[in-house]
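Colleague: Before I use the labels in this model, I would like to hear what each one rests on.
Modeller: Here is the structure; ask away.

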Amino acid sequence: MNIKFKIENLSVYFGKEQFLNNVNLEIEANKILGIIGPSGSGKSTLLGALNRMNELEPHCRTEGTVLMDGVDINSSTYDVINLRKKVGIVFAMPVPLPMSIYENVVYGVRLSGVNDKKKLDELVEKSLTEAFLWNEVKDRLNLSGLRISGGQQQRLCLARVLAMEPEAILLDEPSSGLDPISTSKIEDALNQLKEKYTIVLVTNNTKQAARISDNTAYFLLGDMIEVGSTKQIFTAPLKKETDDYITGRFG
Amino acid sequence: MKLVGEKGVQRILMITALSAISSLLLIALFIFSEGLPFIFNYGVGNFLLANEWDPSTGHFGIFPMIMSSVWVTLGAMVVGAPLGIAGAIFLSEYASPIIMKIVKPTIELLAAIPSVVYGFIGVMVLAPIIRNNLGGPGLSLLAGCIILGIMILPTVISISIDSILAVPRSYREGSLALGATTWQTTHMVTIKAARSGIVASIILGLGRAIGETMAVIMVAGNSVNIPNSALDSVRTLTANIALEMSYATGMHREALFATGVILFIIIMILNSIASVAIRNRNAKK
């Protein structure tokens with residue numbers, strides 16, 4: 001199996017508070033890793049460590065190493081801008097940039113210096129199609145990205161990540177505020193996308209992890225309790241805490 | 001033992017609130033009633049577009065003053081707007097919160113310096129520098145632009161900062177997460193989102209610059225002519241009123257009120273544009 005991220009002894013602090021505690025985890029390429037656990041268990045912090053969005057927060061301190069394809073992404077020589085182009089993220093709250101749908105999709109690519117209209121047009125169609133959004137917005141690409149529905153905005157945020165042709169996609173509870181139909185569209189998209197990308201899906205919805213992830217990790221209060229194939233975690237978890245959580249006896 | 005009841009307090013507060021509005025109304029009523037008849041008697045075109053201002057021979061053309069006010073104000077924008085906006089961007093996007101906490105109130109303190117002090121520094125420091133290096137009398141359009149440019153900085157900076165900080169954090173995060181640098185994020189997302197607030201800050205600065213009197217009288221030279229170069233001495237609308245009101249009588253006095261009417265209208269228009277811009281900013285969210 002092909003390892004995309006290798007996380008070793010990762011601890012993350014914001015100020016004096018510790019959000020991740022000595023996590024060791026390997027993330028396989030071209031698979032969906034579901035991360036489950038109650039709020040405040042460090043799931044989002046883990047995503048933030050994979051594309052170094054954590055460091056935008058003042059007073060953030062990271063210990064341990066995160067290797068992507070064997071290279072330490074926290075080393076001082078590593079180009080963080082390049083990292084964020086390769087590791088895209090979709091946040092819990094869908095926030096398109098305040099510009100048109102079209103410009104939202106090509107935003108990242110334009111930053112990399114691509115300005116060829118024809119190429120951008122193709123990219124917009126391809127990315128929106130992959131995000132299961134093309135048919136709904138193809139006639140109004142000049143509409144502001146802020147004026148479509150929440151579910152559509154979330155898929156637009158996915159499309160703008162896909163347009164970057166990243167290597168990995170991080171999703172932070174992408175369907176927490178969405179209706180079931182939008183959710184299933186996102187899930188359909190993810191199922192097809194794992195052919196090309198490594199996907200890490202943080203979700204508050206254990207059923208969603210069970211439905212679409214290949215592997216599942218359970219986090220609790222900053223500790224990674226257990227990781228394994230989704231089937232094993234949901235049918236025969238090794239740890240009692242995991243069992244309590246997935247069967248709803250938690251707390 | 002209650003001195004005044006709830007109703008009484010309400011009434012007292014209402015009267016104080018109304019007194020602010022009524023003084024605005026009274027001022028407007030006063031200058032319009034004194035100035036408007038003159039404008040119509042003398043002729044709108046003759047008043048606004050004639051070049052000669054010579055009260056002793058009955059010539060009241062304020063076109064040179066209008067042009068001077070326009071040039072001084074535009075020049076102040078050229079000096080103040082880029083400095084102010086760049087400063088606001090630095091403080092809100094790049095500087096650490098501690099620097100922001102120290103620098104922003106300091107800049108706002110600029111607004112507390114009396115304008116006569118700005119004028120004094122303009123006369124003592126700026127005018128000689130201009131006279132010695134660029135020629136001309138020193139007390140000039142250029143000196144007025146620079147002094148006013150500095151005077152509008154606090155307005156431009158603090159309103160720009162407020163509108164930049166009002167841009168949702170999630171816009172910045174979304175942009176940075178796509179591999180944008182801080183500067184790319186700032187000019188492609190943050191400034192665009194804060195644009196109407198920044199425009200409002202400039203327009204309010206404009207209003208301040210065009211209405212400023214004391215500093216301009218001191219540094220701009222005050223001779224009535226349409227400026228041909230930045231080194232010419234100029235007299236603005238405000239300066240014209242302030243310089244001549246103390247001894248004006250009859251037609252002359254009415255003409256000065258009419259000048260006030262024109263100023264009043266210009267500033268009203270600028271402030272309404274600014275408040276529309278600010279309202280647009282709030283409506284977008």
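**What the labels rest on**

Modeller: In chain B, 75% of the contacts between residues at least 6 apart in sequence join residues at least 24 apart. Two residues are in contact if their C-beta atoms, placed from the backbone, lie within 7 Å. This is a predicted model, in which local features need pLDDT of at least 70 and side-chain atom pairs count only at pLDDT 80 or more, while totals for chains, interfaces and linings use all residues. Residues are numbered from 1 along each chain as its sequence is written, and chains are lettered from A in the order in which they are written.

Colleague: How many helices and strands does chain B have?
Modeller: Chain B has 13 helices and 2 strands. Helices (H or I, at least four residues) and strands (E, at least two) are DSSP runs, numbered from the N terminus.

Colleague: What makes H3(B) oblique to H7(B)?
Modeller: The axes of helix H3 (residues 63-94) and helix H7 (residues 153-165) of chain B come within 8 Å and cross at roughly 40 degrees. Axes are lines fitted to C-alpha atoms, for helices over the stretch in contact, and angles run from 0 to 180 degrees between N-to-C directions. Angles under 35 degrees count as roughly parallel, over 145 as roughly antiparallel, 65 to 115 as roughly perpendicular and the rest as oblique. The angle of roughly 40 degrees therefore makes H3(B) oblique to H7(B).

Colleague: Which classes of residue make the contact of H3(B) with H7(B)?
Modeller: That contact has 12 nonpolar, 5 polar and no charged residues. Ala, Val, Leu, Ile, Met, Phe, Trp, Tyr, Cys and Pro count as nonpolar, Asp, Glu, Lys and Arg as charged, and the others, Gly among them, as polar. Among the residues involved are B:Gly80 and B:Leu83 of H3(B) and B:Val156 and B:Ser160 of H7(B).

Colleague: Why are E6 and E10 of chain A at the edges of their sheet?
Modeller: The open, mixed sheet has 6 strands in the order E6-E7-E8-E3-E9-E10. Two strands pair if DSSP finds at least two bridges between them. Strands E6 (87-90) and E10 (223-229) each have a single partner strand, so one side of each is left without a neighbour in the sheet.

Colleague: How many bridges join E3 to E9 in chain A?
Modeller: 4 bridges join strand E3 (residues 32-36) to strand E9 (residues 215-220), and the two run parallel. A:Leu33 stands opposite A:Asn215 in E9(A).

Colleague: What does each chain bring to the contact between A and B?
Modeller: Chain A gives 16 residues and chain B gives 15 residues. On the side of chain A, 11 are nonpolar, 2 polar and 3 charged.
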